[in-house]
Amino acid sequence: MTVSSPGSPGAGVLEAERKSADSAPRGTLGGERKHAAEQIALALFIGVPFLALVAAVPVAWGWGLSWRDVVLAVVMYAITGHGITIGFHRYFTHGSFKAKRPVRIALAIAGNMAVQGPLVRWVADHRKHHKFSDKEGDPHSPWRYGTGVGALSKGLWWAHMGWLFDVEQTSQEKYAPDLLKDRDMIRVSRQFPLWVAVSLAAPALVGGLWAWSWQGAVTAFFWAGLVRVAVLHHVTWSINSICHAAGERPFKSRDRSGNVWWLAIPSMGESWHNLHHADQTSARHGVLRGQLDSSARTIRWMEKLGWVWDVRWPDRERVAARRAA
Ligand SMILES: [Zn+2]
Ligand SMILES: [Zn+2]
């Protein structure tokens, strides 16, 4: 453990937990600790899309960016981004609604396609974040090193992406036992590499067929594959870094979560993060007038179609009770 709180179990207990975990079905291919190969794969999956992002501007000048690539990138961003916000986050982590089995599986697949790690690992990390938010034990708090300018800039880097390279993994048995009881979810979670491949191959295939050229496949792979993954990575990570260091705090929460308006559209409503920490199971994060939340809108459509039910919509009194004085 890189962080240990006074109340955390001793090393012996952790060792016992690890041993018992060896026999249990795991929701990911890796174990409770990351191996060197996993660290390298992680660095590649973060680094290559990011290099694509850096290269994007000069490449756009040289090749031209077609409308076809823009359409494919936006569609892929919306599918995989909502896979994270609606699927991994509001549904699997927080249980904001119930879903039919095919919808449950589709949400797990769409979230995997965002290339942010397998379902079970993502959910375990995020539940731990809520349990300890901005205290010792939080896997990604920007306040980890203290409150000075130097400490905060180091902390922001940690919260944004440094934490991903921590070899210590959140216990899946402890934080995601519900998912480990579900065979389908274990299967999809362990299929993570497959869905990463699909996520990158699908836009190339569609782009190639649409343009009926190899160049169409290559540009679609670049824009709707790599660049799209990189942009979504950094938007999602901004919720962990920026939304725990900046923004308005109109609601009562026991951490430093804030509402950051300018991230509302790219984050699909997740940047109303102060409300989320104040009312974790709410299916809508943008509860105040004018707060855009495309994830909540999509959940509403799915509810009308009968795909999901028991949606935890916020009501006026609930929101009012959580207002900061
Ligand atoms: Zn959450
Ligand atoms: Zn948070």
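Predicted model: local features only at pLDDT ≥ 70, side-chain atom pairs only at ≥ 80, totals over all residues.
**Entry 1: a tryptophan in a loop**

Between which two helices is the loop where Trp163 is found? I looked it up: Trp163 sits between helix H6 (149-160) and helix H7 (172-175). Helices here are DSSP runs of H or I with at least four residues, strands are runs of E with at least two, and both are numbered from the N terminus.

Residues are numbered from 1 along each chain as its sequence is written, while chains are lettered from A and ligands numbered from 1 in the order in which they are written.

Is Trp163 buried or exposed? Trp163 counts as buried because it has 20 C-beta neighbours inside 10 Å. The rule I used: 20 or more other C-beta atoms within 10 Å of a residue's own means buried, 12 or fewer means exposed, and in between is partly exposed, with C-beta atoms placed from the backbone.

Next I checked what Trp163 touches. Leaving aside neighbours within four places in sequence, I found Pro139, His140 and Trp158. Contact means that the two C-beta atoms, placed from the backbone, lie within 7 Å. His140 is 23 residues away from Trp163 along the chain, yet their C-alpha atoms are separated by 5.9 Å.

**Entry 2: the whole chain**

I counted up the secondary structure and got 14 helices and 2 strands. The protein has 325 residues, and 44% of them count as buried. Among contacts with a separation of 6 or more, 68% join residues 24 or more positions apart.

**Entry 3: the core**

The largest nonpolar core has 66 residues. Such a core is a set of buried Ala, Val, Leu, Ile, Met, Phe, Trp, Tyr and Cys residues joined through C-beta atoms within 7 Å. Ala73, Leu119 and Val123 are among the residues with the most contacts inside it. Helix H11 (residues 214-241) gives the most to this core, with 13 residues. I also listed what Val123 touches beyond four places in sequence: Phe88, Phe92, Thr93, Ala176 and Leu179.

In helix H9 (residues 183-190), the buried residues are Met185, Ile186, Val188 and Ser189. Looking down the axis of H9, I see them fall within an arc of 165°, so they line one face of the helix. (The arc is that of the directions from the helix axis to the C-beta atoms.) Arg183, Asp184 and Arg187 are exposed on the other side of H9. Helix H4 (101-112) and helix H10 (192-211) are among the elements covering the buried residues.

**Entry 4: a crossing**

How do H3 and H13 lie relative to each other, parallel or perpendicular? The axes of helix H3 (residues 67-93) and helix H13 (residues 294-304) come within 10 Å and cross at roughly 75°. Axes are lines fitted to C-alpha atoms, for helices over the stretch in contact, and angles run from 0 to 180 degrees between N-to-C directions. H3 and H13 are therefore roughly perpendicular (under 35 degrees is roughly parallel, over 145 roughly antiparallel, 65 to 115 roughly perpendicular, and the rest oblique). His82, Thr85, Ile86 and Arg90 of H3 make the contact with Ser295, Thr298 and Ile299 of H13.
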